[in-house]
Amino acid sequence: MRITELLKSESIELGVKVLGKEEAIDRLVSLMDAGGRLKDTAGYKEGILAREALGSTAIGEGIAIPHAKVEAVKEPGLAAMVVPEGVDYDAFDGSLANLLFMIAAPAEGADVHLEALSRLSTLLMNPGFKEGLMGAADKDEFLRIIDEAEVERFGALEGEAGQDAKADAKMSAKTDAKAGAKTDAQAGAEAGSSSGYRVLAVTACPTGIAHTYMAAENLENTGKKLGIALKAETDGSGGAQNVLTREEIAAADAIIIAADKNVEMARFDGKPVIMVPVADGIHKAEELIKRAVDGTVPVYHHTGAAGGESVSEGNDSIGRTIYKHLMNGVSHMLPFVIGGGILIALAFLFDDYSINPANFGKNTPLAAYLKTVGEQAFGMMLPILAGFIAMSIADRPGLAVGLVAGLIAKMGSTFANPAGGDVNAGFLGALFAGFVGGYIVAGLRKLFSKLPKSLEGIKPVLLYPVIGIFLAAVVTTFINPYMGMINDGLTRFLNGMGGTSRIVLGMALGAMMSIDMGGPFNKAAYVFGTAQLAEGNFEVMAAVMAGGMVPPIAIALCTTFFKKKFTAKERQSGIVNYVMGLSFITEGAIPFAAQDPLRVIPSCIIGSAIAGGLSMAFGCTLRAPHGGIFVLPTIGNSFMYLAAVVVGAAAGCVILGMLKKNAVE
């Protein structure tokens, strides 16, 4: 399938003017729909936004490739848009996107389209291609430029006349390692080095459609430029291509893993390995390759964990590894906390306190139903947290072990009372149980690796679950009383805090939400807030969300009232920040913070601290750890909560307006 078979004339628009990222996405979705590729426009847009939530699909240098692989797609397709004035698409380098390609891939069915999509991603990394498309006079010329570039770079497809076998072999080698044909990089490597490739790479992004191939292409091209033979395996949506062989791995100096999802790592045991996000393969290829050959890359040791993550040398630091496992558990836990918490809050909203104050929340049939469902969802948060921490450590065999260990922690089981109820291990107990379960299974996998291959089939269905669940339960049961003492002590400490102390705590948590806006400090405050929800302390979560809402709103206000401090592009982005701030999406402030951190971050920290402190002072409560203004009716003392956010945002706005210099267009 050719690129031009996926891109219809009806799905191309040149000379477009859009005001922001959201409008650009809407325009591209409409173009995709005009090409007859979609069966559910809203569902497809939802998939696009979900992918953007993982990280902007703008790759810098004026290019953005939003994409989604969802059920809403009827057949694979492309949409293209040229925006001469550019649109802010949250690119890492701050550049405006002028050329946008949107990709639609069906969730099921044959993946014949993936080859064409990978070629498009590859072509976009080549100099001159983008400029040619930007200068196209009409849609026909736009399509002709793509068609000519595809033939020149990859050769003709099978069966097309006028192209020789050499071009076919070159294309096949680039897209199918099993065919055995050699790529240009392979030929260069064999000519220049008797041992083959000096550097190997594996690239992978969550959807496996665009960034996977762009990173691979850029790494190979940069390797050629540096005179360093490099081969890149792509772990895309259609499976692994250009697969690295044992001989190549053994002969290589180092391995670069540019991936945002787990890849097969056992094969790299004992080799120097660099692990980075897939975006680094696109933007930092030269730096990665030079580092790979300078002899300073630590050696990787495989532990059998998911994605091969190891706490030994050659990988992330111990702290970073633990943080990643914890965030995997928290991200899977949040839907249960948010859904359950909001339903419980709605139960109180719709109930009648006067009927029976002792049964408030379940006095009316509707309230009772909402509270019952909400409590069931909310009650799953601790097992889910533990289960997915364990799964992050030990892959799928760790899930059941972690879930059961988390349930043991939630029950507060002890050896004296296995049924539980005597101690409150709570969030900390479940967190500990998840790590215990994960590392127990990782240890079992390493231990059982010495068993005969004939017993391979019984490991995941018998050995891991039976032995793993038992051992994790024993360890969790042993530690529960100690976790209970810590939880009880923390609860007593918080409950015993006076007005001033609680305000200081709220200020500290609010400030932490702004220090790195989605980074470790932000996540630490957020996790503490969700942990306190499980303990019935709803004031902490209110202060955390207030602090997190302030940065985008403060920046948006500043772009409105201090217009001279910002460029026209920044003022347009500021409008979007109103929505992001009100929705409790702190990350909306990141582009502004990245451009001017010494002024933006301190201003936001002060504003967030004020909001968090005021929320505590007013006694505001929040039962759901998300939602922003949309859950305002369920917030305790909602009017004063809104006032706390407004005051904090206004303070941040004024400070930022005083600190920033006038912008130069």
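This is a predicted model: local features need pLDDT of at least 70, side-chain atom pairs count only at pLDDT 80 or more; totals for chains, interfaces and linings use all residues.
Several of its residues are buried, among them Arg502, Leu505, Leu509 and Met513. An α-helix has 3.6 residues a turn, so residues three or four places apart point the same way. Just past the end of helix 19, Met517 has a positive phi of about 50 degrees.

Next, a helix pair. Helix 24, residues 597-617, packs with helix 25, residues 638-659, at an angle of about 160 degrees. Their axes are 8 Å apart. An angle over 145 degrees counts as roughly antiparallel, so helix 24 and helix 25 are roughly antiparallel to each other. Their crossing is right-handed. On the helix 24 side the contact includes Ile606, Gly607 and Ile610, and on the helix 25 side it includes Val645, Gly648 and Ala651. By class, that contact has 13 nonpolar, five polar and one charged residues.

What is phi at Asn637, in the loop between these two helices? Near 60 degrees, which is positive, and the residue is not glycine. Most residues other than glycine have a negative phi. Asn637 has 36% relative accessibility, so it counts as partly exposed.

Last, Asp395, in the loop between helix 15 and helix 16. Its phi is also positive, near 65 degrees. With a relative accessibility of 32%, Asp395 counts as partly exposed.

How values were computed: Residues are numbered from 1 along each chain as its sequence is written. Side-chain values use heavy atoms; hydrogens and water are left out. Axes are lines fitted to C-alpha atoms, for helices over the stretch in contact, and angles run from 0 to 180 degrees between N-to-C directions. Helices (H or I, at least four residues) and strands (E, at least two) are DSSP runs, numbered from the N terminus. Angles under 35 degrees count as roughly parallel, over 145 as roughly antiparallel, 65 to 115 as roughly perpendicular and the rest as oblique. A crossing is left-handed if the near helix is turned anticlockwise from the far one by less than a right angle, and right-handed if clockwise. Contact means heavy atoms within 4.5 Å. Ala, Val, Leu, Ile, Met, Phe, Trp, Tyr, Cys and Pro count as nonpolar, Asp, Glu, Lys and Arg as charged, and the others, Gly among them, as polar. Buried means under 20% relative accessible area, exposed over 50%, partly exposed in between (1.4 Å probe, protein chains only).
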